[in-house]
Amino acid sequence: MYYKSKTSYVVGKVITFYSYKGGVGRSMAMANIGVILAQWGYKTLLIDWDLEAPGLEHFFKTHINIERAKKKLGLIDLFDLKQKDKDINLLNLNWEDFITKIPINNNLDFLSAGKRDEEYISKLNAFDFNLFYDKYNGGQYLEDLREIWISKYQFILIDSRTGLTDSSGVCSIQMPDILILIFTLNNQSFDGIKNVAQKAINGQKQIVFDRFRLRILPIPSRIENAETFLMDEWMAKIDIESEGMLDWLPRYNESPNKYLLNPLQLINQIKIPYKTLYAYGERLAVTERGTSDPHDLGYVYETISAVIANDLQHIDLLSDSRDTFIKKAKGESVTEDKSLLDKVAFEKQNLETKLLLNEQLLIINKQKLYKISQISVLIFFVLFTLVSYYFFKTKAVEKSNSTIDSILIRQSTLRQLEDKSDSTYKKSINESDNRRSNEISKKLDKNRDKKHLDLKRNLEAYAYVGIYYDGKWIEKNFTFDNNDSLPKTGSIIKANIAVNARAGIIEYNEGKGWQNKEVVGAIMLGDKIKVDSVYGVAGGSFIWVKFKKFLNTNKK
């Protein structure tokens, strides 16, 4: 037979309710849980330690006179008394001046943040925890207060200040036996309570006062069940990342790595849902709507109260028989039912088998997802490579076709000019007779010499050699030693056809064609020039040479 008497608590337990951010329902949860513990017959003290934003008394507006409660001395006044009198004896205090009785089964007391008069703000601003500890031996004073409280009450619930403050540090490190961390499902809130949990564990190891190991209970709040996918995603995250805070959970003796109740199972039992009804004003769900509706806040508050009342023991009963777990928390007798125990054992075995299968399926699914992701990356890489290859190849072909078209047009134009020149020359020869041949020859020599006069100005002249593309001559106006390659600087080249010599810079402008200076002379068929420099323009296909003089014997 399981049985626990409420008188079995030789000393009380201090439970701090903390949240990293405000607005998570911390104060409402503590007020409701305090009511349930008092209804179950446990002597309970509620302490409003949120000195900067007090107001816990408003949850009990239907039970007490709020204005009268605000006029009672409170926590800040206890601190102020110590600063005024270092030798104060707490046992001689008249606690009636500090405690407000809440008429719930004659078991619920309330210690406010302090007397809300014109001096409250000045007391708060003047108070410094570091100075209080160092100058007034505040650490021992708080320990003495704690000893008095746990001797008078079975549960002392502290509503702590949010954030990382000196006040919240005292509440989370020195005071508690159990630290309840309430958070909402966002990274800022969850990471905040994880950080505080680690600080509290490390900090309590360093205090000089005797303590059992600090136990931590993280509780997600304001859960919206409509978004099931997001909720499941967050529950999985909490399951993994809260394991260090829930290392007190019982495990199988034969399998220490397996929990009797794992973190996710516990979190699902104590997560606090969001109900819009309680968003308006300070309300006590457990007195307004009771604790029997599994979808209401009162039901969850009752479960959390049972976890506290059972001192975080027998937690595995939550998954097997919540009713039995609640009865044990109330101190009611629970008869062992062998058939029930057999059923529980059978269900546990089935649950373990299902969990094992789920773990294996999870591993298989992860492996499949990994392979699919690898294949997807490979397909993407291949497609990207093919598209890039096609794109650049298309651009290269277009550029090559454009260049070839330009070359062919230029070559066709030059051929037409050459054919026209040859035709004109042949026609003039055919019309001439032998008697005038010498006159024509002399006239040509005279015209040639006249055109060459411009070279005497020492201008740099350029001669068009031809088109050299892809290692081959497509068009060639001169002959020279290395016929299969470009002419060399300093080499002598001989004209195959009549070529104009131009002065200035030879260049090609898009849309304007060939740009150069004036014609300064003519290179006739058979003329020789000495190459000064070799130039390639328009992509290196059109070859020009620079020269300064003719080498023919009849040239000046």
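The buried residues of helix H7 pack against strand E1, helix H5, helix H6 (138-152), strand E5, strand E6 and helix H8 (187-204). Contact here denotes heavy atoms within 4.5 Å, and buried denotes under 20% relative accessible area, with exposed over 50% and partly exposed in between, for a 1.4 Å probe and protein chains only. Helices (H or I, at least four residues) and strands (E, at least two) are DSSP runs, numbered from the N terminus. The model is predicted: local features need pLDDT of at least 70 and side-chain atom pairs count only at pLDDT 80 or more, whereas totals for chains, interfaces and linings use all residues. Residues are numbered from 1 along each chain as its sequence is written, and side-chain values use heavy atoms, with hydrogens and water left out.

Helix H7 spans residues 166-174, and its buried residues are Ser167, Ser168, Val170, Cys171, Ser172 and Gln174. Val170, which is placed in helix H7, counts as buried because its relative accessibility is 6%. When neighbours within four places in sequence are set aside, Val170 is in contact with Trp49, Phe129, Tyr133, Leu142, Met175 and Pro176.

Strand E3 is joined by four bridges to strand E4 (residues 108-111), and the two run antiparallel. Within this pairing, Ile99 has Leu111 of E4 as its bridge partner.

Across the whole structure, 15 aromatic pairs are found. Rings of Phe, Tyr and Trp (its six-membered ring) pair if their centres lie within 6.5 Å; planes under 30 degrees apart count as stacked, over 60 as edge-to-face and the rest as tilted. Phe79 and Phe129 form an edge-to-face pair, with 5.8 Å centre to centre and 70° between the planes. Phe79 belongs to helix H3 (residues 75-84) and Phe129 to helix H5 (residues 129-136), so the pair ties together parts that are 50 residues apart in sequence. Phe79 counts as buried at 0% relative accessibility, as does Phe129 at 7%. The pair of Phe183 and Phe190 is tilted, at 5.0 Å centre to centre and 35° between the planes. Phe183 is buried at 0% relative accessibility, and Phe190 is buried with a relative accessible area of 0%. One aromatic cluster is formed by Trp49, Phe79, Phe127, Phe129, Phe132 and Tyr141.

Charged side chains also lie over aromatic rings, a placement that requires NZ of Lys or CZ of Arg within 6 Å of the ring centre and within 35 degrees of the ring normal. Lys237 lies over the face of Trp234 at 5.6 Å from the ring centre, and Arg322 lies over the face of Tyr299 at 3.7 Å from the ring centre.

Several loop residues are also buried. Ser221 is located in the loop between E7 and helix H9 (228-241) and is buried, with a relative accessible area of 3%. Beyond its neighbours within four places in sequence, Ser221 is in contact with Val24, Ile182, Phe183, Thr184 and Ile272. Asp311 lies in the loop between helix H12 (297-309) and helix H13 (317-320); although not a glycine, Asp311 has a positive phi of about 55°. Asp311 counts as buried at 19% relative accessibility. Leu312, in the loop between H12 and H13, has a positive phi near 60° and counts as buried at 4% relative accessibility.

Methods: Two strands pair if DSSP finds at least two bridges between them.
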